[in-house]
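Dear colleague,

Please find below the structure that I am handing over to you, together with its sequence. My notes on it follow directly after.

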Amino acid sequence: GRAAARSRAAGGGVGASGGKRVPVTADPSVPPSGVGCSGCGAELQCRDAAAPGFVPADKYRSLCAGPGGAAGLRDAVCQRCWVLVHGGRALRLELPPEQHRAVLSAALRSPPRHGRGPLLLYLLDVLELPDPVLPQLPALLSPDVPAAGLLVVGNKVDLLPADSPGHLGRLRRSVTADCLRAGVSREQLVDVRLVSAKTGFGMEGLVSRLQRSWKCAGDVYLLGATNSGKSTLFNALLHSDYCKSRAPDVVGRATVSPWPGTTLNLLKFPIINPTCDRIFRRQERLKEEALKTEDQLSDEERKHLNHLKKQGYLVGEVGKTFKRQKGNPVIDFDPDMLSYSIDEDPCHISKKHEKREEFTYNEVKDARWCFDTPGIIKENCVLNLLTEKEVKMALPTQAIIPRTFVLKPGMVLFLAALGRIDYLQGEKSAWFSVVASNLLPVHIATLSSADAMYEKHAGQEFLKVPMGGKERMKEFPPLVPQDITLKGTGTTEAVADIKLSSAGWVAVTAHEEEELLLRAYTPRGTTVVVREPPLLPYISNIRGPRIPGTAAYRTKKPPSLVENLKIAGNR
């Protein structure tokens, strides 16, 4: 047969879990190439690392350096395809809102492939409630769309501490109420699940729910806003019982589908048919694993578990019933070695290529697929104003430790240089509990000194984000105010959360019937949201003793809970 063309991998190293991270270099001054990625068809470019077809700028320039110019990119693959093939992982991908809506609508309006419309699996970040993208979903589920329903998954529950018994039930009710407020009908809403795609918490339950209710009736589209953890969920499902057992080994081969009307292709994996025998075998595995204690885990499993406990408050595991899962190799990205065949292993040069694994015709002829989709960009979001380095500081990736302060009228709370809350009027002190990335500093000032503090320290180490000094702050939008009036409900329960765009929120707890006048600031072009009732109403109780001479309390980190594992101290 005809030998396959050798494809030069133009990938770089972001987003592959466990792998060494190499800085991604983008160069907005370089125009797009006009050459399509040989893996997914997206136009190769080095302007935007989050856009389709990205190639690190150094690699891009070296491939274009020959006499043929951009023709040197022919047969190259983008970073996303390279990581998919060699790492078995999907990288985050973003499209502008208008393009995303047009593309997704076209895909959903295509005739059902199996006589039934697709299930939409919508992932939202529970830290972002009310979800800014949810209101767009009813339009996608209009009568001319044959979608069979919407299953909403609240992600990142591992980052939030339990403020009281039953906090997950309360969170689930909050997500459901958010969906209904956004215009999703109860008939359209199949279910609401809470998970952590990162630590595995709730994932086995999600797989069981999909297999029990949706079975293998039709295709599934995975939707979600940027930074909601969608690619992490796709990767977790890919290595779970939801995916055909051989698919993780061949998902980089013949598993992309073109988006209608664009050159962009769509990642997908085939859904396993949950026959009675498979469901039985899966249930037996889950029962067996639920009887395990931590002492029965291998050293490697225990080490992994302890790592996850440091990452989040809620930990689980995504297992595989029908095939023993091989350990994910650590991918060492070396930018100087990224010009080799896509068929070759980057760790060694071999003259002999291993035979490609491919799906057989029978495996895919009637397959139902789970499709990944590009992330929907949130509008009016502070993260859109930040550099990649700043986003990494502002987005929580580890269990959030709440920070509580007691403020009197005339005092001000700063969350980095991204948000500010002034306590303007009130009779008594009130408690302000910050729920945000542990890397973002919180500083307390007086009303008379607050403006000078911001002017002096914005862009500097003291306030941390944004970073880059006065030059950076010249281009950063100024903070704009919004006045808020609240009435306290008692000293143990917060009355509301003040959400400072996507930088985090502050839960306000005040004496019963006490009226507070507050002024909240976020950068111009972003939004302040007053969330009533608050997401974690008893959050101010998660604190240590007051630090003498300050407005702050010592922080306290609650213990982690491991799902489906008998551990001493867990019930």
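Helices (H or I, at least four residues) and strands (E, at least two) are DSSP runs, numbered from the N terminus. This is a predicted model, in which local features need pLDDT of at least 70 and side-chain atom pairs count only at pLDDT 80 or more, while totals for chains, interfaces and linings use all residues. Residues are numbered from 1 along each chain as its sequence is written, and side-chain values use heavy atoms, with hydrogens and water left out.

The chain as a whole

The chain contains 14 helices and 21 strands. Of its 571 residues, 55% count as buried (under 20% relative accessible area, with exposed over 50% and partly exposed in between; 1.4 Å probe, protein chains only). Among contacts (heavy atoms within 4.5 Å) with a separation of 6 or more, 76% join residues 24 or more positions apart.

V406

V406 lies in strand β11, residues 403-407. This residue counts as buried because its relative accessibility is 10%. Beyond its neighbours within four places in sequence, V406 is in contact with S429, A430, W431, R546, A551 and Y553. A552 is 146 residues away from V406 in sequence, yet their C-alpha atoms are 6.6 Å apart.

Helices α6 and α7

Helix α6 (residues 203-214) packs against helix α7 (residues 230-238) at an angle of about 70°, and the axes are 11 Å apart. Axes are lines fitted to C-alpha atoms, for helices over the stretch in contact, and angles run from 0 to 180 degrees between N-to-C directions. The angle therefore makes α6 roughly perpendicular to α7 (65 to 115 degrees; under 35 is roughly parallel, over 145 roughly antiparallel and the rest oblique). On the α6 side M203, L206 and V207 take part, and they meet L233, A236 and L237 of α7.

All five residues of strand β17 (residues 496-500) are buried. Both faces are covered, with A496, I498 and L500 on one side and D497 and K499 on the other. Strands pair if DSSP finds at least two bridges between them. β17 runs antiparallel to strand β18 (residues 505-509), joined by four bridges, and I498 has V506 as its bridge partner there. These two strands form a hairpin with four residues between them, and S501 in the turn has a positive phi of about 50°. Four bridges also join β17 to strand β20 (residues 528-531), again antiparallel, where K499 is partnered by V529.

With kind regards
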